[in-house]
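Please look over the sequence and the model before reading on.

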Amino acid sequence: MSDGAVLTIAEKPGNPTGYIILIGAIVGVNYALAKLVMQAGVTALSATLLQMLIAGLFLYLLLRYKQEKISLRLRHIRYYLLNGFLGVTIPSLVAYIALQHIPAWLLTVMTTLSPMITAALSSVLERKLIAPQRLIGISIGLIGISLATLSGAQVAQFDPKWILVGAGMPISLAISNIYRNKAYPTDTSPIATAAGTLFSQVLLLVPALFLFDSLTNAIEPLQSIWWVLLSIGFLSAGSFALTFFIQSRTDSVGFSQVGYFATISGILVAAIAFEEPVSITIFAAIAVLFLGLALTNGHVQFPRSRLR
């Protein structure tokens, strides 16, 4: 990594593709469950805080079982706060807010923008021109997400402005991918890092809950959907633990391939659970988006002579 090159999954030891597929499936299911939470009347801030608290407690119990502790070194705390805010709090808040207005499947589709934004930001930060293939991939991906958005708006009849709100999620995830790739602490366990990250965000959100929300908004709706939040917390705990576990096995662009599988699982669960309409045009748009993603990540290669 010293020369600034971005590695692909195959170039790092221990191929993590299986873990990435599992994380993507969990993310897609969680988006669908999150829509149930919003429909029950829980506010975005309350839902985000409860999700992280429950997930953190699950991880803490696992830490106790393994007789491990959360590191409280200054650089670790800084990582917990920054990575958690960019990669957990902002995406979760945006997701809960957007799910009140757009279909769950569309939010999972927007997750696939993360690797393309990651690639573009990486090139800017490393002061390198984007490789022609990646540039083509990003362009095709943007065409795909545009087609999916327009088709989805026609089928589901929602205000397209909420797409702009939802875009905050992949942008924040992309920034988090880059920061995590540079600053991930290798001298502590993945589970301890995940737990520390979640608890740091709980501490940040508790004051916000009292300032901008109320405990009533968090507690009253739980009578009917407590099991949904418990499921989201449990699945989130597994997702976060796996995320930190495979961090040393892939780079920021490689990890962002989670979007492939989050999209597939999210569409299937949303279509079954909420009967959200998904047209042939939308599937075609997603295929275009996946082609752009494959080009961006190097899964599909153009002959070099065509790119010169």
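## Overall make-up

The model described here is predicted. Its secondary structure comprises 15 helices and zero strands. The protein has 308 residues, and 53% of them are buried.

Among contacts in the protein with a separation of 6 or more, 90% are between residues 24 or more positions apart. The protein exposes about 14,400 Å², of which carbon and sulfur atoms supply 67%.

## Packing of helices H9 and H11

Helix H9 spans residues 190-212 and helix H11 spans residues 222-245. The two pack with their axes 8 Å apart, at an angle of about 125°. Because of that angle, H9 is oblique to H11. The crossing of H9 past H11 is right-handed.

On the H9 side, the contact is formed by Pro190, Ile191, Thr193, Ala194, Thr197 and Leu198. H11 contributes Phe240, Ala241, Phe244 and Phe245. Sorted by class, the residues in this contact of H9 with H11 are eight nonpolar and two polar, with no charged residues.

## The setting of threonine 48

Threonine 48 lies in helix H2, which covers residues 44-66. Its relative accessibility is 0%, and therefore threonine 48 counts as buried, the cut-off for buried being under 20%.

Leaving aside residues up to four places away in sequence, threonine 48 touches Thr89, Ser92, Leu93, Tyr96 and Leu205.

How values were computed:
Residues are numbered from 1 along each chain as its sequence is written. This is a predicted model: local features need pLDDT of at least 70, side-chain atom pairs count only at pLDDT 80 or more; totals for chains, interfaces and linings use all residues. Side-chain values use heavy atoms; hydrogens and water are left out. Axes are lines fitted to C-alpha atoms, for helices over the stretch in contact, and angles run from 0 to 180 degrees between N-to-C directions. Helices (H or I, at least four residues) and strands (E, at least two) are DSSP runs, numbered from the N terminus. Angles under 35 degrees count as roughly parallel, over 145 as roughly antiparallel, 65 to 115 as roughly perpendicular and the rest as oblique. A crossing is left-handed if the near helix is turned anticlockwise from the far one by less than a right angle, and right-handed if clockwise. Contact means heavy atoms within 4.5 Å. Ala, Val, Leu, Ile, Met, Phe, Trp, Tyr, Cys and Pro count as nonpolar, Asp, Glu, Lys and Arg as charged, and the others, Gly among them, as polar. Buried means under 20% relative accessible area, exposed over 50%, partly exposed in between (1.4 Å probe, protein chains only). Accessible areas come from the Shrake-Rupley method with a 1.4 Å probe; for residues, only the protein chains shown count as cover.
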